[in-house]
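Colleague: Could you walk me through this one before I set anything up? I'd like to start with the terms you use.

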Amino acid sequence: MITSLKNTAAGLPDPSEDDARARPNKLKTVAHPARRCPPIHPRPQGETGTQRLQNEEQSALPRTLLIDPTPQREPSIELRSHWLRRAFIATALVLSATAPVLAAKNDGKVTDFLLDNGMEVVVIPDHRAPVVTHMVWYKIGSADEPPGKSGLAHFVEHLMFKAPTINHVAGELDRAVSAIGGSHNAFTDYDYTAFYVTVAPSALEQMMSFEADRMFTLIPTDDDIKTERDVIIEERRSSIDNNPQAVLDEEVDATLWQSQPYRIPVIGWMREMETLNWNDAVSFYDLYYRPNNAVLVVTGDVEPETVKALAEKTYGKVSAGPGLARIRPVEPEQNTKRTVTLTDARVSESRFSTQWVVPSYHTAEPGEAEALDLLADILGGGNRSRLYQQLLVKQGIAAEASANFQGTVLDATNFTIYASPRGDAKLADLEAAANAEVARIVKDGVTDDELDKAKDRRVRSVLLARDNPACLAHIYGSTLATGGSVKDVEEWPDRIRKVTADQVKAVAARYLVPSHSTTGYLLPKTEN
């Protein structure tokens with residue numbers, strides 16, 4: 001994609017290594033919840049942002065890279081598989097609805113403030129356990145990379161763990177977190193990069209000091225560049241190239257999107273990843289990893305006053321960078337039906353997915369994104385959904401069937417249905433049956449009872465997030481990192497409750513048009 005951010009990055013002069021080591025560098029922080037808690041940006045129309053879960057790094061300390069035997073974190077890319085991803089997104093939607101309840105039910109309400117250098121800080125107290133989660137979200141992701149440099153955001157994220165700073169040798173943060181029994185990690189997405197650490201409250205100041213230091217004194221060496229480039233290349237081979245479903249997902253995305261940068265995989269294209277170098281990484285880092293382009297979220301056994309004092313003491317010393325605008329191309333009108341087919345000997349079961357370009361919470365008219373959320377739940381959100389009941393229970397032709405609305409992204413997004421056949425059922429028959437369920441909603445709409453139950457499922461699922469402050473950090477951080485606010489999160493349940501059956505029918509009829517869809521087929525390879 002071509003944006004003002006990308007153009008600015010591409011136009012930077014390449015700093016020399018000596019200049020980089022002399023300058024007060026910038027940082028990237030660490031983030032990863034103990035359990036999977038996908039980010040969510042429940043935002044009303046007119047606001048910015050939302051997300052697609054991608055490339056989440058997950059591993060326990062101590063970590064070991066496959067390429068370098070030195071104790072490090074082992075990266076593992078999160079596949080953008082539609083069949084796997086639906087569970088993460090469904091959970092995120094549930095958690096977004098419950099966040100205000102959690103904040104009100106626990107020790108204190110959410111506190112939000114700005115440091116003098118422009119860094120936004122959110123504090124969510126929860127004193128039930130002596131644990132604190134600290135997340136830094138940078139408003140920069142793979143969709144903001146310069147043309148021809150795909151994978152750069154993910155590459156820089158890796159360097160944040162590997163490279164030394166002026167004040168700390170390589171691996172010092174790893175050892176400090178491990179010594180106190182904590183955990184830390186990171187993930188890269190289209191619209192942001194986030195870093196996480198979970199420790200005892202007594203270690204919060206130490207962790208904030210480490211993270212603030214990395215925000216302005218990172219000094220990657222040539223060896224760091226070579227090693228981490230090899231790591232992300234191997235990551236792509238093992239997670240994408242060796243997985244037919246992941247390969248198909250990439251090709252479907254590249255077909256679905258004609259202009260938006262979501263057509264390029266977060267991990268990057270192999271040929272472009274192989275050319276990433278020191279100048280690419282440092283230029284990207286210098287421009288985007290600044291306090292005024294970041295959001296700090298702290299949840300757990302803390303008080304807002306304490307966090308504010310510590311943030312001013314650590315992050316407050318980092319100078320602000322230039323103001324950055326995120327300007328993305330507008331996706332042209334979709335007016336054709338396209339198909340992508342992958343036949344592979346490694347595939348044992350056929351699958352299909354059909355996607356439509358639809359508005360996100362950022363781009364939708366008032367109420368549309370909420371209606372699409374509920375449409376996805378009613379159509380394919382669980383074992384009470386229409387696709388499940390019709391294709392698995394009544395007709396018995398599907399092994400799985402679901403629907404997903406990727407509402408939390410910065411630009412236009414996708415609505416997807418997917419299924420795989422059971423036994424001897426034909427893929428064509430399964431696809432026809434799934435499309436018939438979509439057509440039935442387009443024609444007849446949904447019942448008030450279906451709609452009420454879909455709304456209730458969101459709110460009643462508060463128990464899913466109650467015991468995990470990291471989930472709250474995800475919800476608020478991903479929202480704020482894409483231009484939303486604390487108020488957006490808190491008001492989302494009320495907006496969901498206001499959606500009518502007529503609105504759900506209207507968005508189905510307007511956007512789920514068969515002749516404007518992209519369908520991907522994953523097929524086993526058979527002998528001729």
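Modeller: Contact here means heavy atoms within 4.5 Å. This is a predicted model, in which local features need pLDDT of at least 70 and side-chain atom pairs count only at pLDDT 80 or more, while totals for chains, interfaces and linings use all residues. Residues are numbered from 1 along each chain as its sequence is written, and side-chain values use heavy atoms, with hydrogens and water left out.

Colleague: OK, which residues is I180 in contact with, leaving aside its neighbours within four places in sequence?

Modeller: Those are V199, A203 and M207. I180 itself lies in the loop between α5 (172–179) and β4 (183–188), where helices (H or I, at least four residues) and strands (E, at least two) are DSSP runs numbered from the N terminus.

Colleague: And is I180 buried or exposed, or partly exposed?

Modeller: I180 counts as partly exposed because its relative accessibility is 40%; buried means under 20% relative accessible area, exposed over 50%, and partly exposed in between, with a 1.4 Å probe and protein chains only.

Colleague: Switching topic, how many aromatic pairs does the structure hold?

Modeller: There are twelve aromatic pairs, counting rings of Phe, Tyr and Trp (its six-membered ring) whose centres lie within 6.5 Å, with planes under 30 degrees apart called stacked, over 60 edge-to-face and the rest tilted. W137 and F187 are edge-to-face, because their ring centres are 5.4 Å apart and their planes stand at 75°.

Colleague: Where in the chain are those two?

Modeller: W137 is in strand β3 (residues 132–138) and F187 in strand β4, 50 residues apart, so the pair links distant parts of the chain. Both W137 and F187 are buried. Y285 and Y289, in turn, form a stacked pair, at 5.8 Å centre to centre with 25° between the planes.

Colleague: Which charged residue lies over the face of F161?

Modeller: That is R214, at 5.6 Å from the ring centre, and K308 lies over the face of F113 at 5.5 Å; the criterion is NZ of Lys or CZ of Arg within 6 Å of the ring centre and within 35 degrees of the ring normal.
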